[in-house]
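User: I have a model open and want to go through it with you. Can we start with the metal site?

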Amino acid sequence: MRLTCPLCGERDRREFYYYGAEDYLHRPGEGASLAEWDSYLHLRDNVAGVVRDLWYHEAGCAQWLVVTRNTVTHEISGVELVAERAK
Amino acid sequence: MPELIAKSALDGRSMNVGGVTLAEVQVGPITSIAVLPGGTKAVAKGLRPLGLSMPEPNSFHERKGARIVWTGREQAFLIGVDCPALEGAAVTDQSDGWTVLALSGPAAVDVLARLVPTDLRLGACPVGRALRTGVNHMNAVILRTGDYAFEIMVFRSMARTAWHELETATHMVAARAGVKI
Ligand SMILES: [Zn+2]
């Protein structure tokens with residue numbers, strides 16, 4: 001498996017660290033309900049298809065990445081820098 | 001002020017096996033330049049007297065003994081000269097934090113192929129490339145300094161481990177070359 005880091009280019013999976021679903025970027029704001037925190041921390045869809053996950057280019061440029069990947073075909077259709085995503 | 005004696009991690013150690021030379025090299029001052037938001041123009045202006053500019057990802061440039069190496073998003077290392085006063089960047093002295101190993105010879109690329117998960121063949125990695133990648137489990141910055149030459153920057157605390165990895169791989173490549181099939 002290879003990921004094309006927007007900065008470093010195509011790199012081997014060994015250079016990356018997997019964190020989890022993109023959901024971790026959407027932290028509930030101050031005063032959020034317990035249900036929202038529960039959802040943020042624990043509730044994930046188990047998708048057969050396209051998922052968006054957080055990866056870290058640990059042995060590379062040390063950037064956090066959002067990787068769009070298909071769990072059925074293993075196709076990787078997008079790699080974006082978290083730092084440069086539209087807010 | 002007493003004059004303190006600077007010592008490198010490996011005392012300038014060097015070895016040559018199977019036409020591959022591995023040596024610790026002294027590169028002088030190393031300064032990290034991390035551009036602050038909105039600081040691009042000010043940094044460009046500050047670097048201009050050196051004839052250098054912030055490098056594109058995966059590259060380095062040299063001018064009159066000064067070298068600037070891409071080390072990450074909006075970040076570079078200035079090496080070999082004292083850093084001029086810079087506006088628009090967080091500037092930190094990294095000189096004592098790194099060890100630089102020079103690896104050269106026609107089989108140097110084969111030695112690195114055993115340790116580095118990135119394609120370093122000349123076609124994929126021409127002279128002037130600077131890659132942040134790994135040497136086994138160590139983070140490293142690898143510079144393609146010549147057709148048959150690399151410089152490998154590792155954390156100083158990892159110097160002996162890096163030496164051991166590279167020395168072992170160099171012996172393995174030399175041994176493999178000696179086997180007649
Ligand atoms: Zn990267």
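User: What geometry does the site of the zinc ion have?
Analyst: The site is tetrahedral, with angles of 104 to 117° among its 4 donor atoms. Four donors count as tetrahedral if all angles lie between 85 and 135 degrees. This is a predicted model, in which local features need pLDDT of at least 70 and side-chain atom pairs count only at pLDDT 80 or more, while totals for chains, interfaces and linings use all residues. Residues are numbered from 1 along each chain as its sequence is written, chains are lettered from A and ligands numbered from 1 in the order in which they are written, and side-chain values use heavy atoms, with hydrogens and water left out.

User: Which protein donors does the zinc ion have?
Analyst: They are C5(A) (SG), C8(A) (SG), H57(A) (ND1) and C61(A) (SG), at 2.1 to 2.5 Å from the zinc ion. Donors here are N, O and S atoms within 2.8 Å of the metal (3.2 Å for Na, K and Ca); water is not among the atoms, so sites may look incomplete. The spacing of the donor residues in sequence is C-x2-C-x48-H-x3-C.

User: Which parts does the pair C8(A) and C61(A) tie together?
Analyst: C8(A) is in the loop between β1 (2–5) and β2 (9–12) of chain A and C61(A) is in the loop between β4 (50–56) and β5 (64–70), so the pair ties together parts that are 53 residues apart in sequence.

User: And how many helices and strands in chain A?
Analyst: Chain A has 1 helix and 6 strands, in the order β-β-β-α-β-β-β from the N terminus. Both are DSSP runs numbered from the N terminus: helices are H or I with at least four residues, strands E with at least two.

User: Switching to the interface. How many residues are in contact?
Analyst: 15 residues of chain A contact 11 residues of chain B, contact meaning heavy atoms within 4.5 Å. In chain A, L7(A), R11(A) and A59(A) lose the most area to chain B, together 39% of what that side buries. Buried area is the accessible area (1.4 Å probe) that two parts lose on being put together, summed over both. Between them the two chains bury about 1,000 Å², 48% of it on carbon and sulfur atoms.

User: How many salt bridges between chain A and chain B?
Analyst: The count is 1. R73(B) pairs with E84(A), their closest N and O atoms 3.1 Å apart; the criterion is a side-chain nitrogen of Lys or Arg within 4 Å of a carboxyl oxygen of Asp or Glu.

Definitions and conventions
Four donors count as tetrahedral if all angles lie between 85 and 135 degrees; four count as square planar and six as octahedral if opposite donors are over 155 degrees apart and all others between 65 and 115; anything else is irregular.
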